[in-house]
Amino acid sequence: MKNVLVTLAVLALVFASSANAQRSGWSGFYGGLNTGYASGTVEETPDFGRSEAKPKGALLGGQIGYNAQFDNVVLGLEADLRTNNASGSRSAQTCERCVGYSNIETTTTKVGMSGSTTLHAGYAFNRFMPYVMGGVAFASVKTTTGNVYVDSINRVSGAYSNSVERGAIGSVFGGRLKYAITR
């Protein structure tokens, strides 16, 4: 609750200072850097069963965009691209009814480059602008599946590995708050 009150107090100060500030222009090109953390679930259907890998890791990238301001309404387009070190793996015994051996399958999922292209619409209160956004997200996903066959006395009797790299496409929706530090 204390954090909510502090946040509301900061927002009130921003509104008060922006009401007295000279009108800020949001039109034009911009660029910047971004960082963050990603986590998620990837469902795979390997050879004998279904596996869920839970990749997670840090993100680092940048974005560029353009805004056009019409009175207080701001419309814009933004594209971002980042590199990820998000990865996760899961192992499962996939051949429970096999006679004389078992099969242990490990699925590892790594997210490479990812990004998005979004449209946004906001309302400018001088230097402060809340906005909503929506668009397309994409990522490069590499899945490696390894199988180890173990006989009835736990000796490895065979193994193989297979990798597939593919693109993934999804959607992104959300909102942000921006504050112009300078005019």
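The model is predicted: local features need pLDDT of at least 70, side-chain atom pairs count only at pLDDT 80 or more, and totals for chains, interfaces and linings use all residues. Residues are numbered from 1 along each chain as its sequence is written, and side-chain values use heavy atoms, with hydrogens and water left out. The protein has 1 helix and 9 strands, where helices (H or I, at least four residues) and strands (E, at least two) are DSSP runs numbered from the N terminus.

**Overall organisation**

- Along the sequence, the elements follow the pattern α-β-β-β-β-β-β-β-β-β.
- Of the 183 residues, 34% count as buried; buried means under 20% relative accessible area, exposed over 50%, and partly exposed in between (1.4 Å probe, protein chains only).
- Among contacts (heavy atoms within 4.5 Å) between residues at least 6 apart in sequence, 65% join residues at least 24 apart.
- The accessible surface comes to about 11500 Å², of which 60% belongs to carbon and sulfur atoms; accessible areas come from the Shrake-Rupley method with a 1.4 Å probe, and for residues only the protein chains shown count as cover.

**Salt bridges**

- The structure holds 2 salt bridges, each defined as a side-chain nitrogen of Lys or Arg within 4 Å of a carboxyl oxygen of Asp or Glu.
- Arg176 pairs with Glu78, their closest N and O atoms being 3.2 Å apart. Arg176 lies in strand β9 (residues 156-179) and Glu78 in strand β5, so this pair ties together parts that are 98 residues apart in sequence.
- Arg176 is partly exposed at 36% relative accessibility, whereas Glu78 is buried at 3%.
- Asp80 forms a salt bridge with Arg82, with 2.4 Å between the closest N and O atoms. Asp80 is buried, with a relative accessible area of 8%, and Arg82 counts as buried at 16%.

**Asn34 and its surroundings**

- Asn34 is placed in strand β1 (residues 28-39).
- Leaving aside residues up to four places away in sequence, Asn34 touches Leu59, Leu60, Gly61, Gly62, Gln63, Asp80 and Arg82.
- The side chains of Asn34 and Gln63 are joined by a polar contact of 2.7 Å. A polar contact is a pair of N or O atoms within 3.5 Å; within protein, one must be able to donate a hydrogen and the other to accept it, and residues adjacent in sequence count only if both atoms are side-chain atoms.

**The loop between β7 and β8**

- Arg127 is found in the loop between β7 (101-123) and β8 (128-151).
- Arg127 is buried yet has no salt bridge, and the nearest side chain of opposite charge, Asp71, is 18 Å away. Lys and Arg count as positive and Asp and Glu as negative, while His and the chain ends are not counted.
- A polar atom of the Arg127 side chain lies 3.1 Å from the backbone oxygen of Ile181.
- Asn126, also in the loop between β7 and β8, has a positive phi of about 60° although it is not a glycine.

- Asp71 occupies the loop between β4 (56-70) and β5 and is exposed at 65% relative accessibility. Asp71 is not a glycine, yet its phi is positive, about 55°.
- Phe70, Val73, Leu75, Tyr123 and Phe125 form a nonpolar surface patch with about 450 Å² of accessible area together. Patches are made of residues with over 30% relative accessible area and no salt bridge, with like charges joined within 9 Å and nonpolar side chains (Val, Leu, Ile, Met, Phe, Trp, Tyr) within 5 Å.
- Val73 lies in strand β5 (residues 73-84) and is partly exposed, with a relative accessible area of 37%.
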